[in-house]
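Have a look at the picture first.

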Amino acid sequence: DVTEIEEKEAQAKQEEQIMKEQELSNLLHEKRYLRALGLAISLDRPHTVLMVVKAILKETDGRKHLEENIVRLRKDQKEAVLAFSVTWNTNSRNCHEAQAVIETLLKHEAPDNLLQYSGIKSAVESLLPYT
């Protein structure tokens, strides 16, 4: 019977999730945005990433801080943020944050690098009608 083992694994995963949620909350409170962005992306939480982006933009020189944080992300994290931005851009409440992220990526990534992103073609096709 593997039921007990599966229950323990599920409980361990749930505990780990709760710990990551708490860590994310602490990072936001401490204004450690780069770590918060990385953790929210790894948890696959587009809304949380959006909240981090909004928090960064509310700071003094928010655009500059957003650029500094996004430039320091890994390629796979930038791909995820781009994918999230496509969704955010379709909603007028979140389009400004999406445009800030997209502007930063376009400004700091070479076109050849952008072409290497997975899903870039569909992202551009989705962005065009709303941008």
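This is a predicted model: local features need pLDDT of at least 70, side-chain atom pairs count only at pLDDT 80 or more; totals for chains, interfaces and linings use all residues.

So let me start with a question: how does lysine 107 count in terms of relative accessibility, buried, partly exposed or exposed?

The overall layout is quick to describe. The C-alpha trace spans about 55 × 35 × 25 Å along its principal axes. Of the 131 residues in the chain, 36% are buried. And if you take contacts between residues at least 6 apart in sequence, 57% of them join residues at least 24 apart.

What about the surface? The chain exposes about 8,500 Å², and carbon and sulfur atoms supply 52% of that.

Now the charges. There are 18 positive and 22 negative ones, and their mean positions are 6 Å apart. In general, side chains of opposite charge can pair when their charged atoms come close. Here the count comes to 12 salt bridges, and I'll pick out a few.

Back to my question. Lysine 107 is partly exposed, at 48% relative accessibility. Lysine 107 makes a salt bridge with glutamate 67, with the closest N and O atoms 3.1 Å apart. That pair links distant parts of the chain: lysine 107 is in helix H6, residues 95-108, and glutamate 67 is in helix H4, 40 residues apart.

Next, glutamate 109 and lysine 78, whose side chains meet in a salt bridge at 2.5 Å, N to O. Glutamate 109 lies in the loop between H6 and helix H7 (111-115), and lysine 78 is in helix H5 (residues 75-89), so this pair ties together parts that are 31 residues apart in sequence. Are these two buried or exposed? Both glutamate 109 and lysine 78 are buried.

There's a network as well: salt bridges with shared partners join Arg63, Glu67, Glu103 and Lys107.

Last pair: lysine 31 and glutamate 59, in a salt bridge at 3.4 Å, N to O. Here both partners sit in loops, lysine 31 between helix H1 (3-29) and helix H2 (33-42), glutamate 59 between helix H3 (46-58) and helix H4 (62-71), and they are 28 residues apart. Glutamate 59 is partly exposed, with a relative accessible area of 26%.

That's my tour, over to you.

Key
Residues are numbered from 1 along each chain as its sequence is written. Side-chain values use heavy atoms; hydrogens and water are left out. Buried means under 20% relative accessible area, exposed over 50%, partly exposed in between (1.4 Å probe, protein chains only). Contact means heavy atoms within 4.5 Å. Accessible areas come from the Shrake-Rupley method with a 1.4 Å probe; for residues, only the protein chains shown count as cover. Lys and Arg count as positive and Asp and Glu as negative; His and the chain ends are not counted. The place of a charge is taken as NZ of Lys, CZ of Arg, CG of Asp or CD of Glu. A salt bridge is a side-chain nitrogen of Lys or Arg within 4 Å of a carboxyl oxygen of Asp or Glu. Helices (H or I, at least four residues) and strands (E, at least two) are DSSP runs, numbered from the N terminus.
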